[in-house]
Amino acid sequence: MTWEELSNICNNCNRCALSQTRQHVVLGKGDLSAPILFVGEGPGANEDEQGIPFVGQAGKLLDLALESLGFKPDEYYIANVVKCRPPSNRVPHSDEINACLPYLREQFKLIKPRIVVCLGSVAATTLLGPECKITAVRGQWIDKKGTYFTATYHPAALLRDESKKIVMWQDLKAVKRKLAEISK
């Protein structure tokens, strides 16, 4: 599948009820061959309105952290588990996640990232397993067939609890070190 084919399929998707209330499908943003794939939960109101992930307050916080740590725009791609906004920004239901998961898998196949960073508990449990709680797995590395997975707090969680900023900063520094390590 090509990016254009994936985009067309997603834009015409009606596999779950989220398609009935969306303004835009939010596929992702960034370099299509980036070594790092950041995966969040799902679009919020700003993302649904613009069709771009992580453009609200949480996205600006993530952008600031990545820029401050010296990540280059060609080093990452940002996507979400679900591609349509859940009403009132609620946590996506399992049937919604299952409906979108094939699209995320296609994104993974097309990008071929070396590192996947799960942003928050929904991404962590979806990609690492239902037993993976964010507080237990964050900051650890899991090698899955040569791709390194890790998890950290979702930037929206930092807006509610500033004490998590230092932890996320440390986690992103570890991602930067891992990228340097695997790029040798």
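Me: How does the lining of the second largest pocket divide by class into nonpolar, polar and charged residues?

Reply: This is a predicted model, where local features need pLDDT of at least 70, side-chain atom pairs count only at pLDDT 80 or more, and totals for chains, interfaces and linings use all residues. Residues are numbered from 1 along each chain as its sequence is written, and side-chain values use heavy atoms, with hydrogens and water left out. Ala, Val, Leu, Ile, Met, Phe, Trp, Tyr, Cys and Pro count as nonpolar, Asp, Glu, Lys and Arg as charged, and the others, Gly among them, as polar. On that basis the lining of the second largest pocket has eight nonpolar, two polar and three charged residues.

Me: Which residues are the closest to the centre of the second largest pocket?

Reply: A pocket is an open set of points on a 1 Å grid over the protein atoms alone, with protein on both sides within 12 Å along at least five of seven lines; lining residues have an atom within 4 Å of a point. In the second largest pocket, 13 residues form the lining. The closest to its centre are Arg 105, Phe 108, Leu 127, Lys 144 and Phe 149.

Me: Which element gives the largest share of the lining of the second largest pocket?

Reply: Helices (H or I, at least four residues) and strands (E, at least two) are DSSP runs, numbered from the N terminus. At least two lining residues each come from β2 (36–40), α4 (94–111), α5 and β6 (147–152). The largest share, five residues, comes from α4.

Me: What is the volume of the largest pocket?

Reply: A volume is the space filled by probe spheres set on the grid points, which are joined across faces, edges and corners. The largest pocket is lined by 26 residues, with Glu 41, Gly 42, Ala 58, His 154 and Ala 156 nearest its centre. Its volume is about 560 Å³.

Me: Which element supplies the largest share of the lining of the largest pocket?

Reply: By class, this lining has 11 nonpolar, 11 polar and four charged residues. The largest share is four residues, and they come from α7.

Me: What arc do the buried residues of α8 fall within?

Reply: The buried residues of α8 are Met 168, Asp 171, Leu 172, Ala 174, Val 175, Lys 178, Leu 179 and Ile 182. They line one face of the helix, so seen down the axis they fall within an arc of 150°.

Me: Which exposed residues does the face of α8 turned away from its buried side carry?

Reply: What covers the buried residues of α8 includes β2, α3, β4, β6 and α7. The face turned away carries Ile 166 and Arg 177.

Me: Is Gln 107 buried or exposed?

Reply: Gln 107 is found in helix α4. Beyond its neighbours within four places in sequence, its contacts (heavy atoms within 4.5 Å) are Trp 3, Leu 6, Leu 27, Gly 28, Tyr 77, Ala 79 and Lys 83. Its relative accessibility is 0%, so Gln 107 counts as buried.

Me: What is the volume of the largest cavity?

Reply: A cavity is a set of grid points where a 1.4 Å probe fits but cannot get out. The count comes to one cavity of 30 Å³ or more. Among the 13 residues that line the largest cavity, Cys 13, Arg 22, Cys 84, Cys 100 and Tyr 103 lie nearest its centre. Its volume is about 70 Å³.

Methods:
Buried means under 20% relative accessible area, exposed over 50%, partly exposed in between (1.4 Å probe, protein chains only). The arc is that of the directions from the helix axis to the C-beta atoms.
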